[in-house]
Amino acid sequence: MIRLEKRAQPSKLWTLATPFVAVVLTMIVGGIMFAMLGSDPFEAIRIIFWDPLFSEQFAAYSRPQLLVKAGPLILIAIGISMGFKAGIWNIGAEGQYIIGAICGAGMGLAFYPAESFIIFPLMILAGALGGWAWAMIPAVLKVRFGTNEILVSLMLVYVAEAFLASVSSGLLKNPDGMGFPGSRNLQQYPAAANLEIFQGSGMHWGVLTAFLAVIFAYVLLSRHMLGFQIRLTGEAPRAAKFAGVNPARIVFLCLGMAGALAGMAGMFEVAGPAGQITIDFNSGYGFTAIIVAFLGRLHPVGILLAGLLMALTYIGGELASLMLGIPGAAIQLFQGMLLFFLLATDVFINFRIRLSKTEAV
Amino acid sequence: MKRRTLLASAAALTLAFGGAAFAEDKTKVGFVFVGPVGDGGWTYEHNKGRLAVEAHFGDKVETVFQESVPEGADSERVMTQMALSGADLIFTTSFGYMDPTINVAAKFPDVKFEHATGYKQADNVSVYSARFYEGRAIQGHIAGKMTKTNKIGYIASFPIPEVIRGINSAYIHAKKVNPDVEFSIIWAYTWFDPAKEADAAQALIEQGADVILQHTDSTAPQAAAEAAGNVVTFGQASDMAEFGPFPRVSSIIDDWAPYYIDRVQAVMDGTWTSTSTWDGIGAGMVAIGEISDAVPADVKAEALAMQDALADGSYHAFTGPINKQDGTVWLAEGETADDGTLAGMSFYVEGLTGEIPN
């Protein structure tokens, strides 16, 4: 008889080990799946995890792309992880990302075709404010009326998508676009373009911001009173109240920070890799970031690594699909397994397996 | 295939091309798909075109594809990786891939690109699309004759000229045979989302529509119509024959195979040049799926006659008199629409209600 026994203390070892165990399990089960699909599992795993980094043919291009893909994931995940730590579940980062992109691009396009060094910083500000404002809706509703921020923030994603569709075929539509929806391409507007800081490195301003956010979050959570209050609110809400933490303030702070970071991520994306506001500009970063946040244990450094790993599975997955003809759905399944195994192995943090001969009562 | 060295100018990275060695003499053709190859509609037909290329050229060609590629930054990466993997010709099969295609093409001057349904060309980027609106005219005719409630539902995807053209063409021809006909249009904002499409179909059926036209790619509306029992549908992009003879009474089929084979041949012969292709029923790029027996014989005969007239050019789907929605004259008696106006069509014709969302 196998049974689970609660540990007296969460296991430190397992807390660190489960992400790695999850990756290994994903490789094994995913490999079996690839084999069943008729591809060589070892080759598939090699292409996914190794080739984007070290293949002669692709790595020079895909290594910088890792940063491009991981940047927004990390930036958003850092923001929402603060809320998750405090027990505030902002599931709607995707919406805040969209609104940030719209505000940022809108700010830039408002100046078109003027050239000034001030335009790009203003766009960053507009993006951050846009995302912040969008996140304030669930925050205010939660504080004022006690609504559930999970539902409100999630529903606002769909509102944001409708808004995105509206501006890309209306307000921000490219006047030279022959009636087709989509804004001007910001990549072709030097003052507003989010360019690489070092040529060919993939390191654009958004990636740099993501790295700064990691450091900022680390300092905040481990060295600052506010970080302590956030953690306390999540771990022991009543104790936090007795300690004089104002829960409304934590709600505003956590949602606001998440919104601002997601908004900035959207702005950097639209001004850089994506280039333009289009009807389906958003490609799920806000949702994937939730996986990244948990995969990274809600720890800033963990999130940094998890973001890079997630980006690796995306780019490697694309390569595997290209080189071996693995169906797109199988790649998604592979990524899904990663979260599944992480959550499944997480149980060992708080429980241990006991083998006993007698039936447990 | 010749061994070549690529210089990605923006990144200033030079890659010695080792990958080409094992693909000796084969022309490598890549396809970027917006949906899954099993969508039963748009992507399914493009993939059929890909398979036709393989069947036609056999060992001389190698094809690769990537499905469900989001439009935007991700597609740019997918195309770049395809070019890096040694593709000689890449078909990008959705409107949203337009700017990414142009960007990637600039980095790989030796690779040829073909972008479907867009309007931006370059020295190594061709554009191609089909005159789906010709098929819509035939659909509209049948729909106008078949409706009993005089309400026709239309599941539209995105408010882009291609979709608006289809709505106008279908409406003009439905109205011609049935002056009482009304169109209800639902914008789904997706090319492929079975759940959303099913919801839209359900809403239209509840509003009393007994004919549903769709400009989305899944068979979900067909399934919804089948469940309702008395609702007529048409296959979109693909034949969707499994829903015939009723509710699916006919279909518009995109047949990309001849074009794809042509273009691959051109690359092999070294005669490929940047072109803009917009073919219809005449050239075989748009086909009309079999009109089932659920359609009365006389209606079927009229529809087939219109198909012939569209094919030989004796009839244009947009022939005046046609007014715009606001009542101003668009086409005078006997005048036909020019391609420029059609390509950028952003208005409804007179009689359609509601506004194009923006």
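**Entry 1: strands 1 and 2, chain A**

I began with strand 1 (residues 2-6) and strand 2 (residues 351-355) of chain A, which run antiparallel and are joined by five bridges. The model is predicted, and I read it as such. I looked up one pair: A:R3 stands opposite A:R354 in strand 2 of chain A. Then I checked burial. Strand 1 of chain A is hardly covered, and the count of buried residues among its five residues is zero.

**Entry 2: the nonpolar core**

Next I turned to the largest nonpolar core. I noted 215 residues in this core. Which members touch the most others? I found A:I76 and A:L261. Helix 11 (residues 247-271) of chain A gives the largest share of the core, 15 residues.

I then listed the contacts of A:I76, leaving out residues up to four places away in sequence.

**Entry 3: a sheet in chain B**

I moved to chain B and traced an open sheet of six strands. Its order is 9-8-10-11-12-14, and the pairing is mixed. Why does one side of strand 9 and of strand 14 lack a neighbour in the sheet? Strand 9 (182-187) and strand 14 (286-289) of chain B stand at the edges with a single partner strand each, so one side of each stays without a neighbour.

I picked B:Y154 and found its bridge partner in strand 10 of chain B, B:L213.

Helix 5 (residues 161-177) of chain B packs on the sheet and touches strand 8, strand 9 and strand 10 of chain B. Its direction makes about 170 degrees with that of strand 8 of chain B.

Helix 4 (residues 132-146) of chain B lies across strand 8, strand 10, strand 11 (232-237), strand 12 (248-254) and strand 14 of chain B. I read its angle to strand 12 of chain B as about 175 degrees.

**Entry 4: where the chains meet**

Last, I checked the interface. I found 36 residues of chain B in contact with 35 residues of chain A. On the chain B side, strand 2 (13-15), strand 4 (61-66) and helix 2 (73-84) each supply at least two residues. Helix 2 of chain B gives the largest share of that side, eight residues. By class, I noted 19 nonpolar, 12 polar and five charged residues on the side of chain B that touches chain A.

Definitions and conventions
Residues numbered from 1 in each chain as written. Chains lettered and ligands numbered in written order. Predicted model: local features only at pLDDT ≥ 70, side-chain atom pairs only at ≥ 80, totals over all residues. Core = buried A, V, L, I, M, F, W, Y, C linked by C-beta atoms within 7 Å. Buried ≥ 20, exposed ≤ 12 C-beta atoms within 10 Å, placed from the backbone. Helix = DSSP H or I, 4+ residues; strand = E, 2+ residues; numbered from the N terminus. Contact = placed C-beta atoms within 7 Å. Pairing = 2+ DSSP bridges. Axes fitted to C-alpha atoms, helices over the stretch in contact; angles between N-to-C directions. Nonpolar A, V, L, I, M, F, W, Y, C, P; charged D, E, K, R; others polar.
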